[in-house]
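Colleague: I have just opened this model and would like to understand the words used to describe it. Could we go through them one by one, setting each against its definition?

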Amino acid sequence: MTFSMTRRVAMAAAVASVAFGGMAQAEAHKVLDQLHFVIPGGAGGGWDGTARGTGEALTNSGLVGSASFENMSGGGGGVAIAYMIENAESLDNTLMVNSTPIVIRSLTGVFPQSFRDLTLVAGTIGDYAALVVPADSPIENMEQLMGAYKEQGPDFAVGGGSVPGGMDHLVAAMVMQAAGEDPTALNYIPYDAGGEAMAGLLSGEIDALSTGFSEAIALAEQGEVRIVGVTADERVPAYDSAATFKEQGIDTSFVNWRGFFAAPGTSDEKVAEYISALEAMYETEAWETVRSRNGWVNIFNPGDDFRTFLEGQEKEIGDLMKTLGFL
Amino acid sequence: MLEGIMIGLSAAFSIQNLLMVIAGCLIGTFIGMLPGLGPMSIIAIMIPVAITLGDPTAALILLAGVYYGAIFGGSTSSILLNAPGVAGTVATSFDGYPMALKGEAGKALTIAAVASFAGGTIGAILLMIFAPMLSTVALLFHSAEYFALMVVGLSAIAAFAGTGQVAKALMMTILGLILATVGEGALFNMPRFTLGLMDLQSGISFITLAMAMFALPEAMFLVLNPARGATGKSSEISNLRFTKDEAKIMAPVIGRQSVQGFFIGVLPGAGATIASFLGYAVERNIAKGEAQAEFGKGSVRGLAAPESANNAACTGSFVPLLTLGIPGSGTTAILLGALIALNVTPGPRLMTDTPEIFWAVIISMFIGNLVLLILNLPLIPYIAKILAVPRNFLIPFILFFTLMGAYIGQNNATELLILVGLGVVATILRFADYPLAPLLIGFILGTMLEDNFARSMQLYRGLDFILERPMTMGLLVLAAVLVLLPSYRARRARRRAEGVADGD
């Protein structure tokens with residue numbers, strides 16, 4: 001009881017300081033009164049977390065007066081993209097969150113548009129991908145996982161929260177290819193969302209799960225899953241007990257960037273406002289709280305740099321998908 | 001556990017948290033009454049408010065209050081306007097709306113309120129006792145069992161077999177399943193049957209279809225058939241109470257469906273919708289003779305069953321959320337997001353690390369349900385008066401909420417065209433006496449049915465999962481029994497009747 005009381009007091013104090021800090025900053029450099037986030041997927045997923053986290057940091061730091069969020073799932077994100085294009089003229093102060101899949105899905109032709117049809121604002125964060133197994137699994141590292149895979153063949157099912165040929169599948173196939181296996185032989189089981197896939201893993205229906213690192217950390221900390229490999233080049237400080245694929249001899253690295261897009265035809269002044277709000281956000285404590293909690297990696301990639309990066313990634317992933325036989 | 005309850009009591013009965021419960025329930029009920037705004041969107045709207053509270057206990061109590069308030073309020077539009085705003089209250093309209101037509105709108109709302117209260121309260125008791133144990137049960141279900149569970153859910157259409165419309169009901173179910181395949185599924189990275197239209201890429205939205213199938217034809221009927229609106233229903237809404245006999249009939253139904261609904265709610269992905277359909281199907285099969293024939297025509301059993309089941313299921317869905325950190329539905333996924341934003345990671349350690357949150361939420365559920373009952377009962381006469389509104393005012397009112405409901409769900413004007421198009425088809429089907437509820441059931445369950453079936457096929461490389469997984473087999477057998485039993489009973493009754501006539 002005493003413990004929980006002190007905890008609560010500490011929490012209240014923290015909240016109070018954040019609130020006061022926010023107020024002080026609000027007067028200093030408020031960039032936008034209001035910002036609306038369009039989230040192309042359901043609640044609880046990676047896009048959702050990114051938009052809500054960014055909105056929280058921007059409002060708590062006072063850079064933005066208020067933030068609202070709208071989940072618009074469907075069409076693998078195509079519905080939200082079409083919405084941004086169709087309603088371009090009425091979408092003031094609206095940003096759509098997106099990530100690597102916008103590149104993958106326009107390559108495979110899921111939706112006819114690509115990032116070129118939107119106004120690029122900035123890439124803001126990255127999240128690594130991870131392979132996880134249930135905490136009670138005998139598999140503790142990639143060597144054992146590959147052993148089990150070789151032994152069980154197609155009975156070794158790897159799940160993920162994306163369609164076949166989507167990001168979770170691609171990452172798993174990349175790992176298999178780098179480990180010297182035939183990536184097309186992998187038995188990939190698609191789920192509708194990360195939460196469902198995680199339930200599938202814990203129920204024992206699938207043997208391993210390909211998922212975002214930040215989503216994996218939460219359940220790993222609760223002792224439910226074990227992370228057997230991360231696609232980072234070096235161990236990530238947010239959860240440094242998870243080994244990278246590279247240190248286990250599997251030469252795979254991958255960052256799922258996340259960033260923001262505005263409706264086509266947005267004025268340069270407006271884009272500059274968005275960029276300055278996001279840029280200033282990195283310096284705030286509110287952002288640091290959100291970032292460290294989610295294990296995200298800061299990558300700030302605004303405007304034209306963002307375009308160059310996306311064009312490069314489009315080529316890289318396109319080549320990879322051809323090799324893997326998805327294109 | 002006792003210590004936990006004490007911690008929960010002291011936290012839940014703080015003035016701040018009591019206010020949170022009351023505010024949450026109020027907001028949830030009133031917004032939930034509007035068709036088109038389901039618990040998911042209401043909670044999403046409330047999240048910034050909850051997060052600024054800073055205290056995770058207060059935030060979760062507020063959001064949970066909004067959640068069951070919305071489910072509570074959602075039944076109102078189902079009963080009064082035949083316009084279910086959430087999938088979980090579709091089954092409520094099966095008997096709730098016929099009751100309202102008979103002039104028993106007040107009674108129907110009272111039954112819904114009492115059944116919801118009982119469902120929510122029994123659910124909270126079960127949650128309190130079983131939550132720690134149930135986390136493992138939630139994981140017993142594989143895709144194969146989910147597939148079988150969806151098949152059991154589909155057997156709810158058997159409820160329409162008794163009226164001699166088996167063929168029509170089956171056709172409508174299949175039409176619903178076909179409509180569910182439109183758009184992009186989880187299993188293929190290409191859209192299907194979208195006619196190249198981007199607006200169909202995410203499929204047909206549930207709200208649009210529900211409004212088109214139920215509310216629009218209703219408004220059309222009121223226009224085309226003036227006698228229907230004029231007879232009886234407006235003057236007799238003074239009848240608010242159900243009789244002692246009806247209470248006796250309902251008590252076992254509510255008891256059974258609260259327990260069954262809770263356990264279905266525990267399964268990630270199943271939720272309030274399946275619980276309400278299954279509750280309806282099971283109760284219809286248990287009922288005998290005349291009581292069974294009453295289903296669909298304003299049966300108190302048929303109303304109490306889905307109402308207690310969907311509320312109990314909502315409570316049940318907190319089990320995987322709080323004990324595993326796995327969101328079982330879109331709504332609990334939003335709740336999970338809010339919790340993580342407040343630095344609380346739900347999972348097996350939630351109960352040991354922060355017991356005050358876990359127990360305060362459960363205790364607040366009891367308070368919330370009581371608040372909802374106290375709040376709703378006195379308001380029922382006023383809410384029911386909606387039906388006393390003259391027809392020429394009521395029709396535009398229904399049309400307004402129907403169109404608004406379809407629009408705010410998607411923020412897309414094309415949705416209105418789809419709504420009207422489907423509404424015309426639905427009106428024609430209704431004139432031809434086709435039951436439209438099976439279509440909606442097929443549509444709601446279709447996607448989950450297909451996804452889970454395909455996953456099981458891929459995992460077992462064929463249909464072996466039916467033989468290899470006893471629970472799947474058991475559920476499929478149960479579905480067969482639920483479908484065949486009513487027609488077998490009907491045939492036996494007919495044969496008996498013929499036998500008597502022959503003097504056999």
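Colleague: What makes α8(A) largely enclosed by the rest of the structure?

Modeller: This is a predicted model, and in it seven of the nine residues of α8(A) are buried, so the helix is largely enclosed by the rest of the structure. The buried ones are F213(A), S214(A), E215(A), A216(A), I217(A), A218(A) and L219(A). Just after α8(A) comes G223(A), which takes a positive phi of about 75 degrees.

Colleague: How do you know whether G176(B) is buried or exposed?

Modeller: A residue is called buried if 20 or more other C-beta atoms lie within 10 Å of its own; G176(B) has 24 C-beta neighbours inside 10 Å, and therefore counts as buried. It lies in helix α8 (residues 166-180) of chain B. Leaving aside residues up to four places away in sequence, G176(B) touches P438(B), L439(B), L440(B), I441(B), G442(B), F443(B) and G446(B). By contrast, the C-alpha atoms of G176(B) and S299(B), which are 123 residues apart along the chain, are separated by 25 Å.

Colleague: Why is A238(A) called partly exposed?

Modeller: Residues with 12 or fewer such neighbours are exposed and those with 20 or more are buried, the class in between being partly exposed; A238(A) has 16 C-beta neighbours inside 10 Å, so it counts as partly exposed. A238(A) is found in the loop between β8 (225-230) and β9 of chain A. Although A238(A) and N294(A) are 56 residues apart in sequence, they are 8.2 Å apart in space, C-alpha to C-alpha.

Colleague: Why are α1(B) and α18(B) described as roughly perpendicular?

Modeller: The axes of helix α1 (residues 2-12) and helix α18 (residues 355-384) of chain B come within 7 Å and cross at roughly 70 degrees. Angles of 65 to 115 degrees count as roughly perpendicular, and that makes α1(B) roughly perpendicular to α18(B). The crossing of these two helices, α1(B) and α18(B), is right-handed. Among the residues that make the contact are G4(B), I5(B) and G8(B) of α1(B), together with W359(B), I363(B) and I367(B) of α18(B).

Colleague: What makes α4(A) and α11(A) oblique to each other?

Modeller: The axes of α4(A) and helix α11 (residues 303-324) of chain A come within 10 Å and cross at roughly 55 degrees. Under 35 degrees would count as roughly parallel, and 65 to 115 as roughly perpendicular; α4(A) and α11(A) are therefore oblique to each other. The contact is made by V103(A), I104(A) and L107(A) of α4(A), and by L310(A), Q313(A), E314(A), I317(A), G318(A) and M321(A) of α11(A).

Colleague: How do you know which parts of chain A meet where its two domains touch?

Modeller: Chain A is divided into domain 1 (5-127 + 255-324) and domain 2 (128-248), and a contact requires C-beta atoms within 7 Å. By that test, 17 residues of domain 1 of chain A are in contact with 22 residues of domain 2 of chain A. On the domain 1 side, α4 (101-108), β9 (255-262) and α10 (285-294) of chain A each supply at least two residues, and the largest share, three residues, comes from α4(A).

Colleague: What makes up the side of chain A that touches chain B?

Modeller: In this pairing, 43 residues of chain A are in contact with 42 residues of chain B. The elements of chain A that give two or more residues to that side include α1 (2-28), α2 (46-60), β2 (64-71) and α8 (213-221), while the largest share, five residues, comes from α7(A).

Colleague: Which residues touch the most other members of the largest nonpolar core?

Modeller: That core has 260 residues, and I43(B), L63(B) and L440(B) touch the most other members. Helix α6 (residues 105-138) of chain B gives the largest share, 17 residues, and the core also draws at least three residues from each of domain 1 and domain 2 of chain A. Outside the four places on either side in sequence, L63(B) touches G24(B), I43(B), M46(B), A50(B), L335(B) and A338(B).

Colleague: How many helices and strands does chain B have?

Modeller: Chain B has 23 helices and zero strands, and buried residues make up 60% of its 504 residues.

Methods:
Residues are numbered from 1 along each chain as its sequence is written. Chains are lettered from A and ligands numbered from 1 in the order in which they are written. This is a predicted model: local features need pLDDT of at least 70, side-chain atom pairs count only at pLDDT 80 or more; totals for chains, interfaces and linings use all residues. A nonpolar core is a set of buried Ala, Val, Leu, Ile, Met, Phe, Trp, Tyr and Cys residues joined through C-beta atoms within 7 Å. Helices (H or I, at least four residues) and strands (E, at least two) are DSSP runs, numbered from the N terminus. Domain bounds come from an automatic or database domain assignment. Two residues are in contact if their C-beta atoms, placed from the backbone, lie within 7 Å. Axes are lines fitted to C-alpha atoms, for helices over the stretch in contact, and angles run from 0 to 180 degrees between N-to-C directions. Angles under 35 degrees count as roughly parallel, over 145 as roughly antiparallel, 65 to 115 as roughly perpendicular and the rest as oblique. A crossing is left-handed if the near helix is turned anticlockwise from the far one by less than a right angle, and right-handed if clockwise.
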